[in-house]
Amino acid sequence: MVIYILQQLVNALSYGSILGLLAVGYTMIYGILGLINFAHGEIFMIGAFSCYLFTTVLNLPWVIAALLAIITSTISGLLLERIVYQPCIRRGGSVLTIFIVSFAASIFIRFLFMMFFTDARRAFPIPAFFEKIYFVGGIAIGLRDILIFTTTILIMLIVSYFVKYSKLGIAMRAVSYDKKTASFMGINSIRIIRVVFVIGSMLAGISGLEYGLSFGIVNPSMGFNPGLTGFIAAVLGGVGNVPGAMIGGFIVGIGEILFVALLPPIYSPLRPLFVWILLFLILFLKPTGLFRPNVKFEGDWGE
Amino acid sequence: MLLSIENVTTGYEKAQVLKKVNINLGKGEIVALIGANGAGKTTTLRCITGIIKPWEGTIKFNNQKIDALESYEIVSLGISYCPEGRDIFANLSVYENLKVGSYLIKDRREFKSNLNQIYELFPRLQERSNQIAGSLSGGEQQMLAIGRALMSKPSVLLLDEPSLGLAPILVESIFKVIQQINSSGTSVLLVEQNVSLALDLAQRAYVLEKGAIKLSGESKDLRESVYVKNSYLGIK
């Protein structure tokens, strides 16, 4: 039993990494725009799906395809901000309008991909190098799980350090808190918002690649569930709080896997239920999340 | 003139607040803008910062028109605004607030020397540098707001109600600091409800009433004027 649970925990680490990276993007964008970017899951899909396209259609080597995929998802996020959100905000769209717009953007991107490629599941290319498995005291640990986990932790440390100590990171938190006052400091909040979209979308792209590596399957609607789960992880960690979102991602990821592992197998289709119960509990017991949120709740754009 | 507001009319949405306002600020001066609640003092400052645009008239800084610029561009020219109600970043530490204030300063050494100057002006801020700004007392928050506005080494400081809600002893020390800031070369446009103190500090003052300049002149002359005495100093 102990070995079984430990094995499940090892399995949960890469899932937690995937959710953690997604949650950071949600939390940063929410923190700075008060916007739940529901198209974030689609940026995640673009990361994984474009890597699949680069390797199969263009026959590029995996590493190059993966780097291009990260760039593609970053550019997609940036375009989303430029073409969809920024004009909406400039015309004085309310929080509700932009919320609906982000839903529309999510559905639009997903269906656009489905139209071109159909929603058939495809095998994500996994280099043979990643397939190695180590056995430690009866627990199987895949090299890819180790790589996914360590890459994620490394990225998270870099992002946390950046947000906490760099001038741009501090400016980002200032803009999240109060855009108008930040502009009195000489901060161009539109530029800061762009930087946030770049970082968030890059992380979503990396997360998509990790998902592909870990589950081996990609399809245009793959972003939907991890997207929602990542969002819940962000709420759990306290919106706007970057390290909180990462920890939230691991809690939700590990929780979801253990939920399934500990219940009798016939209940395993209930897996998605776990995150919704969790969301309900958070909203009910501690709506601000486990860690200090980094936003001033005022329900407007601060002019 | 360093900063001149010429015939500015403006307001919010459709509600007009200012009517043909003319204000000048010379190099090295402290100029006070006094008036009752709702007279348009804060609106005047906000108009200079670019957060609201003039409907008519112009604002010039060093003879350059600035009224079409964005707020963050106006700051980069050397006009710094210390908002009313001490809009500090409550989620950041004291040090981080000051760091945000120096956002436009690229040089690390310059940042360090500005920071040391602010810590000299307000030793309390140095003691609390790692504390979250939201946990400071009202007086400390006001010091932080002023310190933050000075971190960009502005040539013009726009101060909105620095005495608001502070104990008299704190008001006095804040005003002393304003004097120090001014003697080190920063021109100050001060919006203040405490007319007596404002007239003590400023060389010149403008009296704003219902969005228009009612009176202006040297502080010592205004102090003697019957109108100011009756309406603002409570002397019959």
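This is a predicted model: local features need pLDDT of at least 70, side-chain atom pairs count only at pLDDT 80 or more; totals for chains, interfaces and linings use all residues.
Confidence first. Chain A comes out with a mean pLDDT of 86, and 96% of its residues reach 70 or more. One stretch to treat separately is residues 297–303 of chain A, where pLDDT stays under 50. For that stretch the model has eight contacts beyond four places in sequence.

Turning to chain B, four of its strands make up an open sheet, and reading across it gives the order β2-β1-β4-β5, with antiparallel pairing. The edges are taken by β2 (15–25) and β5 (64–65) of chain B; each has a single partner strand, so one side of each is left without a neighbour in the sheet. For β2(B), β1 of chain B (residues 3–12) is a pairing partner, and the two run antiparallel over seven bridges. Within this pair, Thr10(B) sits opposite Leu18(B) of β2(B). A helix goes with these strands too: α1 of chain B, spanning residues 41–49, lies across β1, β2 and β4 (56–61) of chain B. Its direction makes an angle of about 70° with β2(B).

As for where the chains meet, 16 residues of chain A are in contact with 20 residues of chain B. On the chain A side, the elements giving two or more residues are α6 (167–177) and α7 (179–184) of chain A. Of these, α6(A) supplies the largest share, with six residues. Sorted by class, the side of chain A that touches chain B is made up of seven nonpolar, five polar and four charged residues.

Definitions and conventions. Residues are numbered from 1 along each chain as its sequence is written. Chains are lettered from A and ligands numbered from 1 in the order in which they are written. pLDDT is the predictor's confidence in each residue, from 0 to 100. Two residues are in contact if their C-beta atoms, placed from the backbone, lie within 7 Å. Two strands pair if DSSP finds at least two bridges between them. Axes are lines fitted to C-alpha atoms, for helices over the stretch in contact, and angles run from 0 to 180 degrees between N-to-C directions. Ala, Val, Leu, Ile, Met, Phe, Trp, Tyr, Cys and Pro count as nonpolar, Asp, Glu, Lys and Arg as charged, and the others, Gly among them, as polar.
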